[in-house]
Amino acid sequence: MRNISLILKQFSRTVLLVAGFAAMGFTAHAQGDAAKGEALFKANCTACHKIDVRMTGPALGPAISSETDDKWLTHWIQNNQALIAAKDPKALKIYNEYNQAGMNVFTNLSDGDVANIIAYVRDDWKKMQTAPAAGGATGAAAAESGPSDMLIFGLIGVIVIALIVILVLNRVVGTLEKLLLKKQNLPEEEVEEEEVVKVDRLATLKKIAKNKKLVFFIILCGTIAMGSWAWVTMWNTNVHQGYQPEQPIKYSHELHAGVMKINCQYCHSGAYKSKNASIPSLNVCMNCHKVVKTESPEIHKIYDALGYDPATQKYDSTKAKPIQWVRIHNLPDFAYFNHSQHTKVGGIECQRCHGPIQTMKQVYQYSPLTMKWCIQCHKRTGVNGKGNAYYENMVSIHDRIKKGEKVTEAEMGGTECAKCHY
Amino acid sequence: MESNKKYWKGIEELNRTPEFVEKNKHEFAEPIPIEEILSGDGLKSKTPRRDFLKALGFGVGAVSLAACQKVPVHKSIPYLIKPEEVTPGIANFYVSSYEGSAILVKTREGRPIKIEGNPNDVFGKGGTSAGVQASVLDLYDSSRLKNPMQDGGDTGWSQLDSFVKGQLAGIKASGKKIRLVSSTVNSPSTLGVIADFIAQYPTAKHIDYDAVSYTGIIQANQNSFGKAVLPHYNFDKADIIVSFGADFLGSWISHTEFSRQYASNRAAKALEEKKMSRHIQFESGMSLTGSNADVRMPIKPSEEGLAIISLYNALSGTTLPGSKKVSDANTDKAITLAAKELLAAKGRALVVAGSNDVATQVLVNAINALLGSYGTTIDLDNPSLQYAGNDAEFVEFVNEVKRGEVDAVFFLNANPVYDFYNAKDFTEALKKVKLKVSFAPYADETASLCNVVAPNSHYLESWGDENAVTGYYTIVQPTINPVYNTRQAEQSLLTWSDNPVKEYYTYVRNTWDKGLLSIAGLSGQHGWETLLQTGFVKAPAKAAGLYSFNRDLNAVAQTILTHSSQIAASGDGKLELQIFESPNIGDGKKANNPWLQELPDPVSKVTWDNFAAMAVKTAEKLGIEEGDYITITANGYSIDLPVLLQPGQAQGTISVAVGYGRTNAGKVGDGVGQNAFPFSTFRNGTFQTTAAAEFKKTGALKYVFAQTQTHHSYEGRSVIHEGTLAEYKKAPASIVGKGEGKETYDLWDEYERPAYNWVMAIDLNACTGCGSCVVACTAENNVPVVGREEVRNRREMHWLRIDRYYSFNDNGKTVTKEKEINKLDDLDHVSVTYQPMLCQHCDHAPCETVCPVLATTHSSEGLNQMTYNRCVGTRYCANNCPYKVRRFNWFNYWNDSRFENYVQNEYTELVLNPDVTTRFRGVMEKCSMCVQRIQAGKLKSKLEKRPLRDGEIKMACQQSCPTNAIVFGNLNDPNSEVSKALKSERTYYVLEELNVKPGIGYQAKIRNTTELGA
């Protein structure tokens, strides 16, 4: 509970501002602003609600659309406990339906805010119904086959071709020899030939071994193959693309980020503020999992780590022991990387580097995280300078941004050593 | 008029000793034997080919093995329940206070990693001393006690409490005395706790005991004006400052504040108005303050009293009985001159003396009263509370112990077994005390003799408050849970005295709620929270009153002269000894701090040692050379110390720093130097720091100091520009000789700098050479500590060093020719110039062009970037750097057991700045212009969608400087502070004739030596 209130606190400033505007612009029952509502919804509601599916709380799409009494809804959202206490029949019904698990109180949301949220939910629900599941195009780029795969296939190809060439050559040599023998008409040889068949294939091998050209060719192929293998291996030393370690808890991003569509920042709260995106602390998990899936053995790992007893709902900090996640994305110590610089300032989506995270049951390292990969992006990506007054004092660049030209990160000095190495 | 003045860093450079010449030929102490290999049969023999193949094989094998390596598993452990205010990766700042001045503590993920000044602090205004910067390291000191101790073994707090309480109950019943000895306590809450303790145990008494004492001044003010206080001095209001041995910029009372005040009347701002204060110093050893003086006269300790009497006579026109001229004619002239100037600046003059002698200070009071200093430059109504030690009281306490009257003694931040002059007697007497409790965080000299040690927490782990000057109350708040099993001393006292307030935090809150918050018009929870953000409350200062002096001085003069005759050394084998507090180590309580030990002493540039400083002439007379050991004997105590030849030292004197020679300080401080405290004596009711000493040369081998002064040579090129105030007033530009047909030429295309051009301006007139910036840089940039042996090998790692230059000033004539400097007499009168030297971030950087792997390159923001992960360690860059500011990692300092005692162990590595890489063996490093701060500042303004503001990004060195000598900023912005500073006529670039186009401009030093008559 405490943590929900913390999150609320963080948003309260925005909320108050929005509320202020709402109070000025709208009457009590004016149509809400769906866009503003979306932000509020994501910030406050997604922990327990989805629009189309029932989670901790009811699926809000049908629930809110079927309820026409906005005034009652506003009361319920702002302070459901009060309604329950006042023995409101509708409120009691919902309360009992959901095993008397109380919904959080949102007294900090103004009437305008609630109107916005309601507007958003109804809009969104309507959209969902008009476009029924048109195949969830994820939009994520298909996983590129990495260069290392290409090379391996190439190598196999080379070896196969080499074998074919050897076989063909062998045949050719054999035929030529036969022809030669025929021409010379040596009958003894023919007799011998019959014996050779009995002597088995070693003789042929020996013969092949005597063929200097062929041996040289085989050795050449072998060297090339070994060499390229060694080169590729060394080139990719410490590049751990695809690294997918077993984690202590089978947490699925596919479920949380994909199906449930929980905003990345809900858990990785540092991603837009700090250098570190940060792995969420367990109290964030507990926001939902106090009531959701309480029977799952994986969730019980969280309880154990926190020293939490689901029966008594009490924490025992003496039993607490932290969870040791295995770090997947490891940048070397000498490279400085800041998430907020890329997400908040650059406006880059998480998936750009982390891949289709919303489809990953178990997270793996999508990008190679090599310096080449960093630099390439810095050279190709335009600076997100629009509306950012920071760039105003960089006269030449600002002019180009204003004209709508693309200014890459590299042109801003983004490939200089001391931008990342210090 | 360009100066041809000769500057030199040490006697060895002046005399061009063979070792000096040899060492300066090479960039590194140990040259690579390339020539031997090339010239000998190295290449002809068969081994190199085989070795080459071996190396090749090994290399391929190693790489293959590395390639086989599986992904190393890194564990990532998030908080179980994340504290609301902590975001991993973002620093939090908390207000706190250290030795009474408000500070900001930077924490990362709950670890304090850096101390920064609070910009609103009344003392430093954001500037700090080196000691403040280094204090964060003590928090993680692995030599600290990890548990409470009883009878030499670890114990638990509850057992300890019941034992102490049982003992105290017994003592209370028997009515025997209880004593609590502490160094000055000015914290209202701590004083309250002590008072409550005394109320519970009525036989208890609290004694303030300072190792370096100011009782003399306090008693003198009691004597002269009936106010037993340490005055608050205003050096910024003084147009002329005369100091007799007071090192007010280095160690005296509130030196950080004094430095700021002093510079404000001498640096850029004052000079713009063609104004500059004048400073005349009379002292025996060359102190930091003396080295900054416009006129400095070396005098013997035995003549100091006489000099003050002469000054009084000259000022008042009377003649005190027994007075005579000082023996040196030059000094006498200087006194007359000082008197004339002081009289001309009545009300804007200040005379201070470092002596702890009551009589001397009474006479100084009389002089200041004559000059009308009270109410202007000296404030007795808002006194300083930084030192309140009472020497006589402590001596009386020792006698009580000797008589067996004391049954319990508590030591709080006091270590008399080390720093009391008669430690031997005291140690013996201490055996008679039944209950000896020390609150020391270390098993120090005193604590190891105590039967109970209740280790006090570090100030960064504690609640508390301080009141360093009347009306200024600062709060101390914890920034981390105790690292070891320690407890605040106040908490222990509360527990032992069964105080109704159980928690010291509650006690502090009560103190503030009941009175202190209301000073700033605050109250309640909101007021408390406001305080925890601002850090202090300040009552408006009372008007400083005028005080007139009307006491008979005849007896005073008599006392001074008798005292002087006692310390006058006459005859062979005798010298006058003066002991002093060094700016770095202080009274020895900070001796276990490796950052402070490695910080070169501002004047001598010696690290990791104390020494016997001697004048060159004296040493010559006595046949002593630098590094020779001498046995010094005074007051029945003797130590062996190596001799250091110190220009400016008064002839016939030896100066020795206290604070060294700790035996139980910890792994770092043990056995560094020798203890000089026992040389002091108890005379006329106070501890005195001068004595007549016998000395004898021992036969021991010469000692090699870890002295950095000549480590980085310019091969005699001129890097300093300076001038006198008169010259500056006449033609400001003449000081640096601008516009004399200098050609500029470019081999390279001009760099484009679309947004920023980061540059720095350093005002040599503001820089006092204190070294605070060096420690700040060390803390910010994870600079390793290398230890004495490696400093000797010329491998210190400081990115920023402060060069100290001597030059001759012979009767106002500048000495320009080699032959003129052969008169060693002149070594008594040297001028000193300090120059902070760091990477100059040249536009035509010579290092960049020689790097074969492009590890050092230029950025579009004017920075010379050093990329550690690219560096292969050829060291070409260091060879090619004309400023000698590049440092090579000879060891993997962060993971090498040889350096474990310094900073590189599992505890102290918690102090590392996570935004800066620690460098590996074989890699070059240098000042990065705090690029992590630049990047963070830019990111912050990007996130806030606004242009970067001037002054928003501050370098670590700039931030810590108490005199604002360093300004950093964007030269592309014509209105930035740094652009303005660089427009000064005094600006010059070091070695600009090389056309390397440095990014750091220095403002030439100006001396106010208009009427120099020395």
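## A strand pair across two chains

In this predicted model, W325 of chain A stands opposite S76 of chain B, the latter in strand β1(B). The two strands involved, β3(A) and β1(B) (residues 75-76), run antiparallel and are joined by 2 bridges. Two strands are said to pair if DSSP finds at least two bridges between them. Helices (H or I, at least four residues) and strands (E, at least two) are DSSP runs, numbered from the N terminus.

A word on reading the model: residues are numbered from 1 along each chain as its sequence is written, while chains are lettered from A and ligands numbered from 1 in the order in which they are written. Because the model is predicted, local features need pLDDT of at least 70 and side-chain atom pairs count only at pLDDT 80 or more, whereas totals for chains, interfaces and linings use all residues.

**Where the chains meet**

Let us step back to the whole contact between the chains. It takes 49 residues from chain A and 43 residues from chain B, where two residues are in contact if their C-beta atoms, placed from the backbone, lie within 7 Å. Several elements of chain A each supply at least two residues to this side, among them α11 (212-235), α14 (282-289) and β3 (325-326). Helix α16(A) gives the most, with 4 residues. By class, chain A's side divides into 23 nonpolar, 19 polar and 7 charged residues. Here Ala, Val, Leu, Ile, Met, Phe, Trp, Tyr, Cys and Pro count as nonpolar, Asp, Glu, Lys and Arg as charged, and the others, Gly among them, as polar.

Chain A itself has 19 helices and 3 strands. Of its 422 residues, 21% count as buried, meaning that 20 or more other C-beta atoms lie within 10 Å of the residue's own; exposed means 12 or fewer, and partly exposed lies in between, with C-beta atoms placed from the backbone.

**Domains of chain B**

Chain B is divided into four entries by an automatic or database domain assignment:

| Domain of chain B | Residues |
|---|---|
| Domain 1 | 11-25 + 710-1007 |
| Domain 2 | 149-208 + 389-469 + 472-538 |
| Domain 3 | 231-384 |
| Domain 4 | 569-707 |

The centres of domain 3 and domain 4 of chain B, taken over C-alpha atoms, are 25 Å apart. Their contact takes 20 residues from domain 3 and 24 residues from domain 4. On the domain 3 side, α11(B) makes the largest share, 3 residues, and that side has 7 nonpolar, 9 polar and 4 charged residues.

**A sheet and its loop**

Chain B also has an open sheet of 4 strands, ordered β40-β32-β42-β41, with mixed pairing. Its edge strands are β40 (966-970) and β41 (987-988), each pairing on one side only. Strands β32 (residues 758-763) and β42 (residues 1000-1003) of chain B pair in the parallel sense over 4 bridges, and the bridge partner of M760(B) in β42(B) is I1000(B).

The loop between β41 and β42 of chain B holds L991(B), and K997(B) has its place in that loop too. Phi of L991(B) is near 55°, a positive value in a residue other than glycine; for K997(B), also not a glycine, phi is positive and near 50°. L991(B) counts as partly exposed because it has 17 C-beta neighbours inside 10 Å. K997(B) likewise has 17 C-beta neighbours inside 10 Å, so K997(B) counts as partly exposed.
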